[in-house]
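Please read these notes alongside the model.

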Amino acid sequence: MLRQIASFLVGVLVDFFVYLLLARFLFQWLRVPFRNVLGGFIIAATNWMVMPARRAVPALFGLDLASLLLAWLAQGLGLLAIYSLAGFDFSSAPGIAACILAGLALLDLLRAIVYVFVFALIVQAVLSWVYPYSPVAPLFDALTRPLLRPIRRVVPPLANVDLSPLVLIVLLQVLLIPLAYVQGLARGLF
């Protein structure tokens, strides 16, 4: 029971920072402005990790690789802690275990990025119905616009209703299926 509680708490803590670091990476990549409540929170919560890491990991083509690398590292260490708490012994083949954990962490990051976009699409849709002039509405619009733009070219509005967010959510959910399959195969290696 204590192992289960510890695994849960490790997972919550790791996921919290991984999602914040991924949001920071995505905001910078998609040029989402940080001058809002959510952007300020992300900066304040992750600066203590990202600023020292930027000394060692430079940006590339305007991408904040330090945030992305930290998210991957945090996810990998979280997986290591969770598997260790579950009783897995990595001492027999530490190199192979490290490679598998790195691959699983990468798959988890891809899954988390998909979930960030699904969350942003749902929040954007709800805000457009209940509070269209919310101060965070432009943030979610800037985050989802690059993904919605190609779909809006193909899927026209139907009676002034934009169906492109629904189409994108379906496509993102379809993308999660092969990710889950590959993840299951990789987890089976343990």
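1. Buried means under 20% relative accessible area, exposed means over 50%, and partly exposed lies in between (1.4 Å probe, protein chains only). This is a predicted model, in which local features need pLDDT of at least 70 and side-chain atom pairs count only at pLDDT 80 or more, while totals for chains, interfaces and linings use all residues. Residues are numbered from 1 along each chain as its sequence is written, and side-chain values use heavy atoms, with hydrogens and water left out.

2. A salt bridge is a side-chain nitrogen of Lys or Arg within 4 Å of a carboxyl oxygen of Asp or Glu. The structure holds 6 of them. One joins Arg-152 and Asp-162 (2.9 Å, N to O). This pair links helix α5 to the loop between α5 and α6, 10 residues apart; helices are DSSP runs of H or I, at least four residues, numbered from the N terminus. Asp-162 counts as partly exposed because its relative accessibility is 33%, and Arg-152, at 35%, also counts as partly exposed.

3. Asp-64 has 3% relative accessibility, so it counts as buried. Arg-54, at 31%, counts as partly exposed.

4. Leu-22 is in contact (heavy atoms within 4.5 Å) with Leu-68, Ala-71, Leu-109, Ala-112 and Ile-113, leaving aside neighbours within four places in sequence. Just after α1, Arg-31 takes a positive phi of about 60°.

Key
Helices (H or I, at least four residues) and strands (E, at least two) are DSSP runs, numbered from the N terminus.
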